[in-house]
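Visitor: I have a structure open and would like to talk through its side-chain contacts. Could you take me through them, one topic at a time?

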Amino acid sequence: MTGRTGRTGRTGRTGRTGRTGRTGRSGISDRGDPTGFSDLDHIGAASTTLLSDALLTTRAGVIGHWDGTGASKEAAKPNWKSFKKLSSEVRDAILDGELMDGFQLTGRTGFLNKIPKPDWPNGFDLEDLRRAADLRDDRMNEIYAQQKDMMSFFGGLFNGSGSRFDRTIEFLDAALRFTVTVEMQCKFHFGIPRPVELAPEIMPIIQTPGHGSYPSGHAVESTVIYKLLEHFSGTPKNKKNLKSEVKNSPLAEPARRIRDRIAYNRVVAGVHYVKDNDGGFVLGENIFEHVRDKAIDCPRSPLGQLYRKARAEWH
């Protein structure tokens, strides 16, 4: 069942490559829709001129004369019932719009002011990379897999098979799409060169990405995953305030360690400095708080309702 494999380019960064069939109409292969919106296609197969012509003659033979009247129906209300009927791409667009609303990169409350301004890479940074390279042989498989799939490593901490955590996964996907937008803006702003640009001797074991080094995207994204899993699986210390710190999360410590390992593997690979991870951890924490607060403050919005559904899967 290939599901929506045409969309794996978008989901790769979120770590869900190979699971895209679960997001909607699995079993219906890529139908060539240039917009990417599956609800423009037919339920059974792709839209083709042959199928359209067959539907035309079927209508003529089955429906016959129609006087133009129809059933009365009210407009769909913007609630969870109508939201869950939408295709996954449309739901994504709605959630993305919510998270981007009020987003600020610069200014007193902008994300650029929430992470440390990086120093220019120096000899100490390169020495960190030289030592980290000794781990390449041991971590090659991890490094290669984590280029496009981080979620599988976190998913090893809980039983995510079937539909047990569909709403959690959808919420994580939305958070990570927003995360990539923010981190890329920060990378562009700071413009820190990649290690191989300063020392060809590093010779990374994977292709160096074409965007800036600081902050590390893997550090940012894995932090968002770790913090959301901790938040959903734990209990708020103040039960009347869902924004309060959580306690008794069985996933918190192992998820944090996985986050740290994923981030450091990018140093081992030769594509990041250690300080890229430090900035990424800080930015990831701030993005987590932004996403969490947006969902809690707007409980009736699609994002807020998805948050409640996701949290209910853990409690």
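This is a predicted model: local features need pLDDT of at least 70, side-chain atom pairs count only at pLDDT 80 or more; totals for chains, interfaces and linings use all residues.

Visitor: Which residue does aspartate 101 form a salt bridge with?

Guide: The partner of aspartate 101 is lysine 294, and the closest N and O atoms of the salt bridge are 3.7 Å apart. The pair links distant parts of the chain, since aspartate 101 belongs to the loop between helix 4 (88-100) and helix 5 (123-132), while lysine 294 belongs to helix 12 (residues 274-297), 193 residues apart.

Visitor: And lysine 294, buried or exposed?

Guide: Lysine 294 is buried, because its relative accessible area of 19% falls under the 20% cut-off.

Visitor: How many salt bridges are there?

Guide: The count comes to 19 salt bridges. One of them joins aspartate 128 to arginine 131, with the closest N and O atoms 2.9 Å apart. These two residues are 3 residues apart in helix 5, so aspartate 128 and arginine 131 are separated by about one helical turn.

Visitor: How accessible are aspartate 128 and arginine 131?

Guide: Aspartate 128 is partly exposed with a relative accessible area of 22%, and arginine 131 is likewise partly exposed, with a value of 45%.

Visitor: Which residues are linked in a network of salt bridges?

Guide: The network links Glu253, Arg256, Arg257, Arg259 and Asp260. Within helix 11 (residues 252-269), arginine 256 and aspartate 260 lie 4 residues apart, about one turn of the helix, and their side chains meet in a salt bridge at 2.8 Å, N to O. Arginine 256 is partly exposed at a relative accessible area of 26%, and aspartate 260 also counts as partly exposed, at 26% relative accessibility.

Visitor: What does arginine 259 lie over?

Guide: Arginine 259 lies over the face of phenylalanine 281, at 3.8 Å from the ring centre.

Visitor: On to the rings, then. How many aromatic pairs does a search of the whole structure find?

Guide: The search finds 11 aromatic pairs. In one of them, the rings of tryptophan 80 and phenylalanine 83 have their centres 5.6 Å apart and their planes at 40°, so the pair is tilted.

Visitor: Where do tryptophan 80 and phenylalanine 83 sit in the chain?

Guide: They are 3 residues apart in helix 3 (residues 80-83), so tryptophan 80 and phenylalanine 83 are separated by about one helical turn. Tryptophan 80 is buried, with a relative accessible area of 13%, and phenylalanine 83 counts as buried at 3%. An edge-to-face pair is formed by phenylalanine 158 and phenylalanine 165, at 5.2 Å centre to centre and with 80° between the planes.

Visitor: Why does that pair count as edge-to-face?

Guide: The pair of phenylalanine 158 and phenylalanine 165 counts as edge-to-face because the 80° between their planes is over the cut-off of 60 degrees. Phenylalanine 158 counts as buried at 15% relative accessibility, and phenylalanine 165 counts as buried at 11%.

Visitor: What about aspartate 92, buried or exposed?

Guide: Aspartate 92, which has its place in helix 4, counts as buried at 7% relative accessibility. A polar contact of 3.4 Å joins the side chain of aspartate 92 to that of arginine 177.

Visitor: Last one, about the surface: which residues make the nonpolar patch of about 360 Å²?

Guide: That nonpolar surface patch is made by Val62, Ile63 and Trp66. Valine 62 lies in helix 2 (residues 49-62), and at 64% relative accessibility valine 62 counts as exposed.

Notes. Residues are numbered from 1 along each chain as its sequence is written. Side-chain values use heavy atoms; hydrogens and water are left out. A salt bridge is a side-chain nitrogen of Lys or Arg within 4 Å of a carboxyl oxygen of Asp or Glu. Buried means under 20% relative accessible area, exposed over 50%, partly exposed in between (1.4 Å probe, protein chains only). Patches are made of residues with over 30% relative accessible area and no salt bridge: like charges are joined within 9 Å, nonpolar side chains (Val, Leu, Ile, Met, Phe, Trp, Tyr) within 5 Å. Accessible areas come from the Shrake-Rupley method with a 1.4 Å probe; for residues, only the protein chains shown count as cover. Rings of Phe, Tyr and Trp (its six-membered ring) pair if their centres lie within 6.5 Å; planes under 30 degrees apart count as stacked, over 60 as edge-to-face and the rest as tilted. A charge sits over a ring if NZ of Lys or CZ of Arg is within 6 Å of the ring centre and within 35 degrees of the ring normal. A polar contact is a pair of N or O atoms within 3.5 Å; within protein, one must be able to donate a hydrogen and the other to accept it, and residues adjacent in sequence count only if both atoms are side-chain atoms.
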